[in-house]
Amino acid sequence: MGRAEFIGLAAMLMALNALAIDIMLPGLQEIGASLGVDNENHRQYVVSAYLLGFGIAQLFYGPLADRFGRRKPMLFGLGVYILSSIAVIFVPNFAGLLALRFIQGIGSAATRVITVSIVRDIYGGRQMAEVMSLIMMVFMVVPVIAPGTGQIVLFFGDWHLIFGFMAAIAAVVTVWMYIRLPETLRPEDVRPLTVSSVLTGFKIVLTNRVALCYTIASMIIFGALFGFINSAEQVYKGIYDLGAWFAAAFAAVALFMSLSSFLNSKLVGRYGMRKLSHGSLLGFIGINFIWLLMMILGPQPMPFALFIVMFGLSMFQFGLIGSNFNSLAMEPLGHVAGTASSVIGFLGTVGGSLIGAGIGQAFNGTALPMVSGFFIVSIIGLVFVLIGEKGTLFQAHNKPTH
């Protein structure tokens with residue numbers, strides 16, 4: 001498999017997660033009406049249930065992938081994803097939908113943990129950051145097109161059809177992976193699947209200051225993104241009454257993130273992960289602070305053109321933060337890549353989804369809770385980066401290990 005095909009496949013595997021979240025956003029209102037959900041904030045649980053399953057299951061896939069290799073656990077997770085997507089089509093009530101979304105998240109977790117492990121098997125340091133940036137660039141195309149795709153699917157049927165579409169896409173990616181992706185775990189890196197071995201792996205991750213602090217910082221920053229995803233429909237359709245233009249507005253912001261991921265892939269080899277991500281984190285703080293002041297002092301709601309510009313600028317910084325923080329967390333942990341990816345993914349997703357749920361549930365008919373959440377998490381993220389880097393920014397303190 002060539003480098004371009006590998007990046008494409010890895011991006012599509014990870015994109016199944018984004019697809020499961022973003023493609024249904026235009027249909028949340030219809031899902032709520034169909035299944036008798038009266039409180040509009042409760043529709044956000046469709047996203048939160050998935051993210052919780054996705055986050056918790058990551059704890060298990062890493063040790064499994066370190067013991068049995070990358071292929072078998074990945075294929076198992078993809079099977080769960082496909083079957084749960086199909087099962088949703090026949091779900092009778094909202095509680096059943098949430099349960100199946102939780103299971104779908106469990107399946108999807110394999111695509112996140114094991115894909116990162118595979119990348120770390122093959123690349124390290126700045127090379128890993130460059131490849132992850134290219135993967136994230138392709139991955140970010142999904143949030144650009146998924147809501148619009150969901151809107152198109154709804155033209156041909158009701159919201160159940162969205163889950164059938166998800167299952168079909170996952171089936172195609174599964175066949176591609178099965179035929180083309182070889183096993184990447186080296187025999188000398190196989191770890192026994194015992195309680196002691198798993199706990200030792202977790203200890204290695206949780207006692208590495210740099211890895212842990214970047215994981216927590218990433219978790220907190222991603223909480224802002226999850227907060228937006230939870231309340232996107234209410235902001236775009238409720239506040240700004242965009243209707244069918246919801247998908248276009250969502251795509252516009254995602255394009256900023258995709259562009260910054262592409263720039264990161266071009267710049268990280270020259271400037272390094274720390275210079276780019278630390279500078280972007282400071283930019284994230286500054287932009288969100290200005291945005292928050294505009295929200296507090298300006299008219300409500302903020303003019304949509306200004307809102308989308310500030311949001312796009314904020315997410316541009318986010319795109320430079322995400323892949324670099326993940327690579328910095330993984331950099332010193334190559335010898336336990338599967339378990340490391342599990343713990344990092346678990347903390348990032350479960351913690352981030354809970355933070356995002358809090359931001360989303362604070363929705364009060366304005367975008368102020370969301371923007372306030374963005375600014376608060378950016379400050380807390382900076383604190384943990386400073387702890388991880390012993391009070392300095394832009395300077396490397398650790399070297400990668402395999």
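Asn-324 has its place in helix H13, where helices (H or I, at least four residues) and strands (E, at least two) are DSSP runs numbered from the N terminus. The model is a predicted one, in which local features need pLDDT of at least 70 and side-chain atom pairs count only at pLDDT 80 or more, while totals for chains, interfaces and linings use all residues. Residues are numbered from 1 along each chain as its sequence is written, and side-chain values use heavy atoms, with hydrogens and water left out.

With a relative accessible area of 0%, Asn-324 is buried; the classes are buried under 20% relative accessible area, exposed over 50% and partly exposed in between, for a 1.4 Å probe and protein chains only. Its side chain is joined to that of Asn-264 by a polar contact of 2.7 Å, and the side chain of Asn-324 also reaches the backbone oxygen of Leu-320 at 2.8 Å. A polar contact here is a pair of N or O atoms within 3.5 Å; within protein, one must be able to donate a hydrogen and the other to accept it, and residues adjacent in sequence count only if both atoms are side-chain atoms. Not counting residues up to four places away in sequence, Asn-324 touches Ala-129, Asn-264, Val-268, Met-273, Leu-276 and Ser-277, contact meaning heavy atoms within 4.5 Å.

## Cavities

The count comes to 5 cavities of 30 Å³ or more, and the largest cavity has a volume of about 670 Å³. A cavity is a set of points, on a 1 Å grid over the protein atoms alone, where a 1.4 Å probe fits but cannot get out, and lining residues have an atom within 4 Å of a point. Grid points are joined across faces, edges and corners, and a volume is the space filled by probe spheres set on the points.

The lining of the largest cavity is made up of 37 residues, and Asn-17, Met-136, Phe-139, Phe-222 and Leu-225 lie nearest its centre. Helices that each supply at least two residues of this lining include H1 (3-22), H6 (125-139) and H13 (304-330), while H10 gives the most, with 8 residues. By residue class the lining divides into 24 nonpolar, 11 polar and 2 charged, with Ala, Val, Leu, Ile, Met, Phe, Trp, Tyr, Cys and Pro counted as nonpolar, Asp, Glu, Lys and Arg as charged, and the others, Gly among them, as polar.

## The largest nonpolar core

Among the 131 residues of the largest nonpolar core, Leu-97, Tyr-236, Trp-291 and Phe-307 touch the most other members, and the largest share of this core, 17 residues, comes from H10. Such a core is a set of buried Ala, Val, Leu, Ile, Met, Phe, Trp, Tyr and Cys residues joined through side-chain atoms within 4.5 Å. Leaving out residues up to four places away in sequence, Trp-291 touches several residues, among them Met-302, Phe-307, Met-370 and Phe-374.

## Other selected positions

Lys-266, in helix H11, is exposed, with a relative accessible area of 57%. Its C-alpha atom is separated by 27 Å from that of Gly-338, 72 residues apart along the chain.

Ile-169, in helix H8 (residues 160-180), counts as partly exposed at 28% relative accessibility, and, neighbours within four places in sequence aside, Ile-169 is in contact with Leu-16 and Leu-19. Glu-389 lies in the segment after helix H15 (368-388) and is buried, with a relative accessible area of 0%; its side chain makes a polar contact of 2.6 Å with the side chain of Arg-274.

Notes:
1 Å grid on protein atoms, 1.4 Å probe; cavity = no way out; pocket = protein on both sides within 12 Å on 5 of 7 lines; lining within 4 Å.
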